Amino acid sequence: MKELPDYSRRGFMRTSALGLGAGMGLGLGSFEALAQTAGRDIGTGQTPPADPLERRAAGRPEPELNGTLRPTPPEQRLGWAVCGLGHFAQNYAIPAIARASEAKLTGLISGNRDKALGVASAWGVPEGSVYDYRMQALADNDAVHIVYVITPNAIHEENVIAALEAGKHVFCEKPFAHNSAAAQRMMDAAKAADRKIMIAYRAHFEPNNVALKEMVRKGELGDVWYATSDHHRPLDPLVERDQWRMVRDLAGGGSLMDIGIYSLNGLIWLLDEVPERLVATTFSPQTEDGRFGEIEAIGQVQLVFPSGRRASISSGYVADKKRIDLWGSRGVAVLDPATAYSGNKLTLSNADGQEMPTPSKASEQQFVGEIDHFSKGVRDGDEILTPAEMGLRDMRLLEAINVSAERGEWVEVNPDGTMR
Ligand code: NAD
């Protein structure tokens, strides 16, 4: 049995000395009264506050934690090494690992050792746990369980396979790869190494997206026979992180590959079905800086689902807007913004067009949520909600979209994304 804290024992001595009369006067049995006045309530198992007459520092009972979960003790958290120390890694991924309950940052992988050593000292990673992209010595580091790959899309394959060969599980940024063949090779390598891969589709862990998914599942929007999803953000050729996005060989495509994937993956997840037919168009305007010379600026796709519902999705590298609309018979749900890093908002309108407020939920939870999810998946064998298979399916669907845009005709696809 758990030993009583000190203050309870002191309270017990004092209250016994003062007499049991008060407790017995309340009609309690002598043992119950003794235990209660001694600081322990037998019935509820709760410990009442320490003696208020005690005017000195005293141990107090456990406070209410307001639903705040205690993090897993550091020695039980899984060690994460971040591969690629660019904009997203340093601004979002590493801080999220530091906030996570089930993860800790234990390694870094970079092609620029000076930069990596600076990051290591800021986040408390030992110098000996900083590796280059070959990752050979990583195999000997038992403090690293998972490698988080955050490099340009076409570099993912090289990094993911090196991490798997070092015996590590992999958390890979979206899009999984620059094409489906690369995605398949990574999955084959994971199977050979008996390691897991999860794709960083953070919207699946974003509280407003999750709330909408739950509404659809419960049928609260009625029949949703039409949906739209639009993801646009300006591409700036002067910003370093946008320069590789202008090169097809590194990015694998344009706005469709980069952010149109949120439109596509988001609707498939929310509606819980994969389209069976699609038709697409793309547009690459001529600009003086030539930023759309190799990639599409605008992508537009019509989707037909097995249930018959229709959807229209778009992506763009010009405007700045990320939005999802589900058009239901009982109401319309709008996520705007839908997939921002923070401040996503879900608004509902009933069939009469009246807007109903929905509580806003902290979007930042998405980053920690996906990291903790994969840590638990690796440690406890829990199901991975956004597995490599989903990443491969989306690569195939993007390829079908490109085929349709090139041919200018409808194409038919299977549930695994392959073209019929
Ligand atoms: P970035 O350019 O800021 O970072 C890329 C990193 O990869 C840099 O540290 C760079 O040094 C390194 N790198 C290695 N080989 C390279 C090469 N050959 N060319 C260029 N860089 C090379 O890019 P980013 O915006 O951080 O994007 C990185 C990845 O993260 C992409 O796959 C992107 O789709 C993904 N991303 C995801 C989100 C999200 O919300 N989940 C947001 C932004 C980016």
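What volume does the largest cavity have? In this predicted model, where local features need pLDDT of at least 70, side-chain atom pairs count only at pLDDT 80 or more, and totals for chains, interfaces and linings use all residues, the answer is about 30 Å³. Residues are numbered from 1 along each chain as its sequence is written, and side-chain values use heavy atoms, with hydrogens and water left out.

A cavity here is a set of points on a 1 Å grid over the protein atoms alone where a 1.4 Å probe fits but cannot get out; points are joined across faces, edges and corners, and the volume is the space filled by probe spheres set on them. Searching the whole structure turns up one cavity of 30 Å³ or more. Its lining (residues with an atom within 4 Å of a point) is made up of Tyr201, Arg202, Ala203, His204, Tyr262, Asn265 and Gly266. Sorted by class, that gives three nonpolar, three polar and one charged residues, with Tyr and Ala counted as nonpolar, Arg as charged, and Gly among the polar ones.

Asn153 sits in the loop between strand 4 (146-149) and helix 6 (156-165); helices (H or I, at least four residues) and strands (E, at least two) are DSSP runs, numbered from the N terminus. With 4% relative accessibility, Asn153 counts as buried (under 20% relative accessible area, 1.4 Å probe, protein chains only).

As for strand pairing (at least two DSSP bridges), strand 7 (residues 224-232) runs antiparallel to strand 11 (residues 321-328), with eight bridges, and Val224 partners Gly328 there.

How values were computed:
Buried < 20%, exposed > 50% of the residue type's maximum accessible area, 1.4 Å probe, protein only. 1 Å grid on protein atoms, 1.4 Å probe; cavity = no way out; pocket = protein on both sides within 12 Å on 5 of 7 lines; lining within 4 Å.
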